[in-house]
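This briefing covers a strand pairing and a helix contact. Please look at the sequence and the structure first.

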Amino acid sequence: MTKVNAVIIGSGNIGTDLMYKLLRSEWIAPRVMAGIDPESEGLARARTHGLVTTDTGVEGLLPLLELKNIRVAFDATSAYAHPENSRKLTERGVRVVDLTPAAIGPYCVPALNLERQLHRDTMNVNMVTCGGQATIPMVAAVSSVQPVAYAEIVATVASRSAGPGTRNNIDEFTRTTAGAVEKVGGAKRGKAIIILNPAEPPLIMRDTIHCLTEGEPDVAAITASVERMIREVQRYVPGYRLKNGPVFDGKRVTTYIEVEGLGDYLPKYAGNLDIMTAAACRAGEIIAEQITGGAR
Amino acid sequence: MSTRHRLLLHEMSLRDGMHPKRHQIPLERMVQVAGALDEAGVPLVEVTHGDGLGGASINYGFPAHSDEEYLRAVCSRVKRTRISALLLPGIGTVDDLRMAADCGVQCIRVATHCTEADVSRQHIGLARQLNLDTVGFLMMAHRSPPEALVEQALLMESYGAGTVYVTDSAGYMLPQDVTTRVGLLRARLSPETEVGFHGHHNLAMGVANSLAAMEAGANRIDGSCAGLGAGAGNTPLEVLVAVLSRMGVEHGIDLYKLMDVAEDLIVPMMDTPVRIDRDALILGYAGVYSSFLLFAQRAAAKYGLSSRDILVELGRRNTVGGQEDMIEDVALDMAAAAR
């Protein structure tokens with residue numbers, strides 16, 4: 001039985017949480033973690049789980065690619081660093097799953113378009129943003145019933161779960177999420193808002209998804225579609241819950257979502273990280289399946 | 001009060017005042033008010049959607065006109081008055097900031113919750129680079145003890161903010177709260193950096209808190225004609241100006257002209273009186289973001305609840321500025337619990 005070997009770039013919250021999910025995967029084996037801080041907790045944890053680590057970033061990683069037969073890379077660094085990381089990896093034949101909002105490859109939301117986006121020749125696929133992973137399925141649940149003229153999502157995350165990447169990149173978050181609300185969610189126009197809340201104890205990630213339908217909303221069909229989509233996302237994020245709604249108010253359809261994480265690395269309130277790493281893990285598994293030709 | 005920096009009064013009715021107007025101030029009226037404030041010698045006037053650049057949304061309300069339409073119209077009308085725009089990272093982006101600068105805005109105020117200053121780096125940096133009067137705006141400042149607040153202010157200063165504000169978004173602070181926070185910022189920020197205070201009148205502390213802020217070293221003070229602003233409104237500017245005149249403080253504004261703007265232009269614009277009703281009072285009492293007021297009243301009417309109960313629950317859940325989406329969510333929870 002052979003798993004496809006993978007590398008994780010970035011030893012922060014996302015990279016470390018992802019490692020735990022990949023360690024449980026039937027398709028992927030994480031072999032290397034690359035960071036830039038020799039003291040980082042993520043690298044220390046990676047070593048205890050038998051991964052080879054480097055603290056010199058992608059440069060330190062390149063010599064290991066062939067040695068460890070790495071076929072898939074997960075980049076959990078930043079939107080600024082990602083394009084260069086991706087170039088170095090893809091030119092060496094490694095397929096890249098992008099967990100930053102850089103979005104140089106096609107957007108991927110597993111509940112919606114995983115198989116469609118992941119052609120065998122797609123070398124880079126983008127996981128949108130945490131807010132996008134949590135909200136776009138709800139936009140699609142409405143747009144699959146009838147045309148959505150405008151969709152707007154509000155993602156509220158606990159301050160503690162927003163690392164420096166998100167904080168330095170907050171505009172990239174709103175831009176990338178809004179773009180994917182249109183391209184993947186199927187809204188004609190999209191907008192995204194992110195709020196950080198420092199409450200203690202930290203709040204569980206929550207999202208509000210507003211859609212304006214073109215015609216009068218079909219209450220029964222949309223309600224059923226939302227419930228179906230919740231179950232679809234729960235297949236890879238068990239803590240994904242419909243908190244309230246759908247609320248119908250004229251042409252406005254609003255759903256209120258809560259995302260509780262599995263608590264692999266960070267506490268359960270950080271559902272924003274969990275849904276990102278769970279989605280990236282799913283995308284990586286599909287790539288691994290393609291690489292091995294569906295047989296192990 | 002600081003001897004280094006001159007007092008600068010900043011008028012809010014065309015930005016914070018957009019909240020009680022549900023962002024529907026007609027373009028002509030906005031231009032007329034800005035022109036009258038210019039005539040009265042008001043040095044700085046803020047014009048934006050109530051929730052800042054990019055605030056046009058289902059969540060906060062769609063305005064009668066875009067930020068760009070308002071800003072172009074107002075900037076081309078005023079002669080001496082400078083125009084500012086507010087920006088909340090997470091809602092507005094650097095693209096909005098560039099647009100505002102292109103319209104002729106000379107001052108950008110980048111607002112974050114009082115513990116989240118590090119999301120403002122991109123925006124403060126760009127405003128500084130564009131050579132704009134760059135202000136960091138620490139909202140809901142009552143939620144941070146002074147020592148923590150000053151760390152956030154230092155971050156904004158390090159990104160390039162020339163002024164940092166203590167912003168009492170909930171109208172919760174008492175003069176002593178203002179004194180300790182403003183005093184510590186004044187002591188710890190560079191002497192070149194200005195310190196500001198933005199008040200809400202929910203506990204009728206607008207003027208008293210502004211004086212406390214000046215006493216502790218703030219030199220930029222926000223107010224609004226007739227108090228037009230979220231909750232029970234902002235510090236009523238014509239009242240503050242009258243008090244400053246009595247104290248012999250130089251402010252550069254024509255008091256009678258300002259009183260006339262308040263009485264003849266602003267009060268007739270009000271859809272309902274901006275006053276300390278029980279909901280506005282509960283904002284100040286429970287420390288809740290002032291612009292939640294109308295949303296809570298609408299949710300209360302829709303779901304058969306008390307708006308006061310909704311606001312108290314929003315306070316209990318530690319909601320921050322921008323979480324207007326929580327209001328219907330909370331109302332649904334409360335309505336379900338009542339059944």
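In chain A, strands S10(A) and S11(A) form a hairpin with two residues between them. Gly250(A), in the turn, has a positive phi of about 65 degrees. This is a predicted model, in which local features need pLDDT of at least 70, side-chain atom pairs count only at pLDDT 80 or more, and totals for chains, interfaces and linings use all residues. Residues are numbered from 1 along each chain as its sequence is written, while chains are lettered from A and ligands numbered from 1 in the order in which they are written.

**Strands in chain A**
- S10(A) spans residues 240–249 and S11(A) spans residues 252–259; strands are DSSP runs of E with at least two residues, and helices are runs of H or I with at least four, numbered from the N terminus.
- The two strands run antiparallel and are joined by seven bridges, where pairing takes at least two bridges found by DSSP.
- Asp249(A) stands opposite Arg252(A) in S11(A).

**Helices in chain B**
- The axes of H10(B) (residues 278–286) and H11(B) (residues 293–303) come within 10 Å and cross at roughly 125 degrees; axes are lines fitted to C-alpha atoms, for helices over the stretch in contact, and angles run from 0 to 180 degrees between N-to-C directions.
- H10(B) is therefore oblique to H11(B), the class left after under 35 degrees (roughly parallel), over 145 (roughly antiparallel) and 65 to 115 (roughly perpendicular).
- Asp279(B), Ala280(B) and Leu283(B) of H10(B) meet Leu293(B), Ala296(B) and Gln297(B) of H11(B), contact being C-beta atoms, placed from the backbone, within 7 Å.

**Confidence**
- Chain B averages a pLDDT of 97, and 99% of the residues score at least 70; pLDDT is the predictor's confidence in each residue, from 0 to 100.
- The model scores ipTM 0.95 and pTM 0.94.

How values were computed
Two residues are in contact if their C-beta atoms, placed from the backbone, lie within 7 Å.
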